[in-house]
Amino acid sequence: PPGRRMALAALARLAALAGGARLMPGWPATVLAQGVPQAAPRPAGTVLVLLGTQGGPTVTLTRGEAASAVVVDGQPYLVDCGYGTLRALVQAGLRHTDVAHVFLTHLHNDHTADVAALLSHQWTGSRTEPTTVHGPAGTTALVDGAVAFFRGDAEIRTVDEGRAASPARLYTGRDVPASAAPVEVYRDARVTVRAVENTHFADAARARFPHRSLSYRFDTAQRSIVFSGDTAPSANLVALARDADVLVCEAMDVSQHQRMLALAAQAGPGASVARHVAETHSTTEDVGRMAAEARVKTVVLTHLSPGANVGPAGPPLDTAYIDAVRTHFTGTVILGHDQMRL
């Protein structure tokens with residue numbers, strides 16, 4: 001009947017209005033709860049949240065690219081920002097507008113792809129405090145490029161919506177020096193962050209470009225957490241991780257490493273990529289050796305290769321990753337998964 005159709009149309013318009021309202025800051029939680037995950041209560045202490053655990057520049061439906069958060073008394077510090085990080089933060093109940101510091105291990109796209117997405121959505125999410133992206137040489141230029149990426153959006157919204165904040169003033173890149181010994185790169189009341197250069201780039205490559213790859217250590221009142229980043233076995237990383245509570249370390253399955261070595265020995269396409277993968281990453285056995293030498297308490301495996309990739313023989317079982325580490329390390333070994341909280 002006409003009256004019923006009119007009522008349904010009115011309800012549809014109200015639903016559409018509510019849908020738009022959910023995207024705007026400041027609406028009541030009762031409205032927001034209809035479709036947007038709410039940030040979880042801020043717990044005291046230090047929590048490690050794995051946001052993306054897939055190795056390599058690979059987009060899958062089961063694991064995001066490299067990203068983790070160290071949450072100290074509710075304040076998130078982001079380590080790497082690969083594709084899927086922004087959505088993973090929301091899924092974890094962490095407000096992306098609360099992220100004030102991002103630490104990039106290196107500038108491969110599986111560690112940086114969501115930087116522009118994060119910063120641009122912070123701006124449209126009405127964050128007015130500065131955000132600093134720390135990382136190796138080239139990070140300042142990366143942030144400048146991210147701001148340039150959403151310059152058109154910012155110009156439109158500044159005129160159309162009356163926004164006043166300048167992205168260029170809010171978002172800063174900071175190039176962190178690469179050193180062989182641990183050096184402090186950031187400190188506040190909650191955390192001290194130190195870094196060293198690792199061995200993700202071969203010496204021949206390092207001689208031809210300024211880019212470097214870093215490992216980070218976060219020390220808080222409760223815990224010490226070390227992030228390997230991508231690296232081959234590294235004495236510098238061992239020194240940084242000495243007696244740490246947690247080592248979050250990349251891990252390549254031993255059989256995957258053997259496949260990469262075989263491909264690298266061939267003259268066909270992809271041989272140089274396979275060589276890079278085989279020579280500049282750590283196998284699960286390498287992880288066990290470094291963890292034992294550093295005397296860490298717990299190893300968390302991430303940046304998994306092949307991870308979610310399914311080849312002819314399928315991915316390795318979870319136990320294959322863990323058992324290989326345990327051939328050299330007697331402490332706790334945890335296989336990381338997206339959204340894992342530790």
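**Sheet and helix packing in the predicted model**

Strand 1 and strand 2 are joined in the antiparallel sense, with six bridges between them. The model described here is a predicted one. Within this pair, Val-47 stands opposite Val-71 in strand 2. Seven of the seven residues of strand 1 are buried, so this strand is largely enclosed by the rest of the structure.

Strand 2, residues 67–72, also pairs with strand 3, residues 75–79, again in the antiparallel sense, here over five bridges. Val-72 has Gln-75 of strand 3 as its bridge partner. These strands belong to an open sheet of six strands, arranged in the order 1-2-3-4-5-6 and mixed in its pairing. Strand 1 (46–52) and strand 6 (171–175) are at the edges and have a single partner strand each, so one side of each is left without a neighbour in the sheet. From one strand to the next, the twist averages 20°.

Two helices are considered in relation to this sheet. Helix 5, residues 115–124, packs on the sheet and touches strand 3, strand 4 (101–103), strand 5 (131–135) and strand 6. The direction of helix 5 makes about 150° with that of strand 6. Helix 6, formed by residues 139–149, lies across strand 5 and strand 6 and runs at about 160° to strand 6.

Two packed helices are described by the angle between their axes and the distance between the axes. For helix 11 and helix 12 (residues 271–279), the axes come within 7 Å and cross at roughly 140°. This crossing of helix 11 and helix 12 is left-handed. On the helix 11 side, the residues in contact are His-257, Met-260, Leu-261, Leu-263 and Ala-264, and they meet Ala-271, Ala-274, Arg-275, Val-277 and Ala-278 of helix 12. Sorted by class, the contact between helix 11 and helix 12 comprises eight nonpolar residues, one polar and one charged.

Helix 11 (254–264) is also among the elements covering the buried residues of helix 13. In helix 13, which spans residues 284–294, the buried residues are Thr-284, Asp-286, Val-287, Gly-288, Met-290, Ala-291 and Ala-294. Just after helix 13, Arg-295 adopts a positive phi of about 60°.

Methods: Residues numbered from 1 in each chain as written. Predicted model: local features only at pLDDT ≥ 70, side-chain atom pairs only at ≥ 80, totals over all residues. Heavy atoms only, no water. Pairing = 2+ DSSP bridges. Helix = DSSP H or I, 4+ residues; strand = E, 2+ residues; numbered from the N terminus. Axes fitted to C-alpha atoms, helices over the stretch in contact; angles between N-to-C directions. Contact = heavy atoms within 4.5 Å. Buried < 20%, exposed > 50% of the residue type's maximum accessible area, 1.4 Å probe, protein only. Left-handed = near helix turned anticlockwise from the far one by under 90°. Nonpolar A, V, L, I, M, F, W, Y, C, P; charged D, E, K, R; others polar.
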